[in-house]
Structure formats: structure tokens, C-alpha cells
Amino acid sequence: MNSGPRLEGRVAVVTGGARGIGAAISTRLVSDGAAVVIADSGVNISGNDADPAVAPTFAAGLGERAVAHAEDMSVPAAAAAVVELAMERFGGLDIVVNNAAILRDAFIFKGSGADWEAVIRNNLSGPYHLLAAATPVMREQARAGRGGGHWGRIVNIVSTAGFVGNYGQAPYAAAKGGLLSLTRIAALDMARSGVTSNAVAPFARTRVTEMIVPANEAQERYKARAMKVPANHVADFVGWLCSEDARDVTGQLFGVRGRELMLFSQADAKHTTVCADSRWSHDGLTEIVNARFRGHFADLATDLERFNTEPDV
Ligand SMILES: NC(=O)c1ccc[n+]([C@@H]2O[C@H](COP(=O)([O-])OP(=O)(O)OC[C@H]3O[C@@H](n4cnc5c(N)ncnc54)[C@H](O)[C@@H]3O)[C@@H](O)[C@H]2O)c1
């Protein structure tokens, strides 16, 4: 299968694939030989004012191996429709990139339930619905031996906001944290079909970084640094995850910031202690927490603090 371009004959869906990081990923997959369904409703950062011309215009620029789907991907019916489109137009579905996301930031004591619901629906339920529609097809294809058999790729674009965090990003961070969990479960559930599932936390100059409003000098520096980082390295790494060489890479959490590639740790017990008595006593807990855990507590540095270093671009 791979005598030509690395992804020749493979079919991908990239949500949010017409702008920013998603556009870079779609472009990369097409240049690697894949056919791509660009599922992008053309919404603004808050998820409103959809412009249905965004995806068709972008897809047209990528040529015959790109087709647009401009519906709202947070709606379950749109997920089924996009899978159908991939099957009808290109004959299968091998790669799913969940990249579409919106932002509605507010401190937790000020945010609205409606914003919470909208962000969770868009950034977490949308990816779930797409995986729920795509994975039965991918399993069936694996059984039928499509493209050499037992082959598929799921790439979920998460955010360091989901495991480091920022002030005022409750719904966005919670959705991205949930998407990381979903990545692991998909890796487990799809392992027997040879479908890998990985999460990538990107950093790149897009309209999202452009809208950062610095609250102090450190944040000004952060924004200036973020604005130097192009999206192509993220796309290159996603392209690699979709290649043969990444066939046994699954359930992992990566980060890409310019030329910097990160493999993040995932939650594990740092320290464990077993109570000698059958019940905890209050004073016993105070003693154990102070003696065994206190020096190892996770710090609460934000995303903007932790990644405020000069990027390699
Ligand atoms: N830019 C960064 O530095 C950065 C950092 C961390 C995480 N991310 C993540 O990377 C991904 C891409 O971000 P970006 O900066 O390129 O954003 P962007 O706003 O430039 O692009 C997102 C695209 O997704 C589309 N979209 C959103 N909701 C949709 C829906 N329901 N249906 C169909 N299309 C929809 C939008 O129309 C838009 O074209 C997101 O998941 C984002 O959370 C980006």
C-alpha cells in the first residue's frame, strides 16, 4: 500500500479542518496521499455565526481528494452523515481527527450553565458522537482486511488547559480533560482492530492565540511567544501518528510547540499509604498527609505560566 505517498488510499475526517491547526492537518494528510473530509461549520470562536462557505472554499483549494461537510459536528446526526460521506465519496474511513473546538471563558463564579453545556456539547460530546459513528465502521473494515487489515487512527486534539489549566476555563478545560479520557478508552476498545488512539496538545498561532488579552507583562510575553509558533509542526506530527511507523503508538498524550515535541505523563499514584487500623482517625490522616503527601502536592501553575518560555520555531 505504501509504495506511493505514505497515506495513499487512506480516508480521513478532520473536524474543524478548514481553519487554524485543523487546516494545517487537512493539508498535511492530503499531501501525504489521503482523501480528507473537511468537517467544519465555519463558526466563530464562541461557536456562533456559522459561515457554511468556509469548508467548501478551503476543500476546493486542496483538490479532488478533499470534500467539505459544513454542518455543526456537535449534533449526533452530523457525525453519522460525515461517516457516510467518507464512505460514499472515498470508499472507507481510516483516520478520525477530532480537532473542532470552541471557547467560552469565564471565572467559575461568573460562567453560565448555557455556556458550560455548549462547550461540553461541542468539544466533548461532538468527538464522542463522531467516534461512536466511525468506530463500528473501522472495526468492520479491520475484519474485512481493508488496506492490509487492522489499521486505523484516531487523533484527538486536546489542550494543556485540560490537565494544567488556566483561570476562567472551566468548560473548555473540563471538555479537553474528558477528551483525554475518551482517547484512552478508544485506545483500549479499538486495540484488537489495530486502531490507535492518541491525544495531541498543540500550541500554534491561530485566531485563538490572537484573541488572548494579556492581563500583565508576563502574559504579554506569553502571547508574543505564542504568536511565533506556526501550526505546521502539529500537522507534521499528526501525519506521523497516521503513518505505519506509529502503528503501535496508542493511548499516549503528546504536546507539540513549534519544534518542541513532548510526551506527557498521565495520572498515576505518586505515593500510596495503607492505614494500619481498619478506620482512619482524623489525627492519623493529618499526620499521614503532612508526612507523606504534603511535600509532593501538584502545584497550581497555569498553562500560561508553565509554557512561558521562548519557543523553538
Ligand atoms: N491554537 C492553540 O494554540 C491551541 C492550544 C491548545 C489547544 N488547541 C486546540 O486545537 C484545536 C484547533 O484550534 P485552533 O486554534 O486551530 O482553532 P480555530 O478556532 O482557529 O479553528 C477551529 C475550527 O473548528 C471549527 N469548529 C468549531 N466547532 C465546530 C463544530 N461544532 N462543527 C464543525 N466545525 C467546528 C471552526 O469553524 C474552526 O474553523 C482545538 O481543539 C483547540 O482547542 C489550540
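Trainee: How do the residues of the shell around the ligand divide into nonpolar, polar and charged?

Mentor: Start by sorting the shell by class. In this predicted model, the count is 14 nonpolar, ten polar and six charged residues.

Trainee: And which residues come nearest to the ligand?

Mentor: There are 30 residues around the ligand, and Asp40, Asn99, Tyr172, Lys176 and Thr206 come nearest.

Trainee: How do I read the polar contacts there?

Mentor: Look for pairs of N or O atoms within 3.5 Å. Here, an oxygen atom of the ligand sits 2.7 Å from an N or O atom in the Lys176 side chain. With Asn99 it is a polar backbone atom that lies 2.7 Å from a ligand oxygen. Ile21 also uses a backbone N or O atom, 2.8 Å from an oxygen atom of the ligand.

Trainee: How much of the ligand does the protein bury?

Mentor: Compare the ligand taken alone with the ligand in place. Alone it exposes 830 Å², and the protein buries 95% of that.

Trainee: Which element gives the most to the shell?

Mentor: That's α6, with three residues. Helix α6 spans 207–210, and α1 (20–31), α5 (170–190) and β6 (195–203) likewise supply at least two residues each.

Trainee: Now the helix pair: at what angle do α3 and α4 cross?

Mentor: For a pair like this, check distance, angle and hand. The axes of α3 (residues 76–90) and α4 (residues 113–144) come within 7 Å and cross at roughly 35°, and the crossing is right-handed.

Trainee: Which residues meet there?

Mentor: Among them are Pro76, Val83 and Met87 in α3, and Leu130, Val137 and Gln141 in α4. By class, this contact has ten nonpolar, two polar and no charged residues.

Conventions:
Residues are numbered from 1 along each chain as its sequence is written. This is a predicted model: local features need pLDDT of at least 70, side-chain atom pairs count only at pLDDT 80 or more; totals for chains, interfaces and linings use all residues. Side-chain values use heavy atoms; hydrogens and water are left out. A residue is near a molecule or strand if one of its heavy atoms lies within 4 Å of it. A polar contact is a pair of N or O atoms within 3.5 Å; within protein, one must be able to donate a hydrogen and the other to accept it, and residues adjacent in sequence count only if both atoms are side-chain atoms. Accessible areas come from the Shrake-Rupley method with a 1.4 Å probe; for residues, only the protein chains shown count as cover. Helices (H or I, at least four residues) and strands (E, at least two) are DSSP runs, numbered from the N terminus. Ala, Val, Leu, Ile, Met, Phe, Trp, Tyr, Cys and Pro count as nonpolar, Asp, Glu, Lys and Arg as charged, and the others, Gly among them, as polar. Axes are lines fitted to C-alpha atoms, for helices over the stretch in contact, and angles run from 0 to 180 degrees between N-to-C directions. A crossing is left-handed if the near helix is turned anticlockwise from the far one by less than a right angle, and right-handed if clockwise. Contact means heavy atoms within 4.5 Å.
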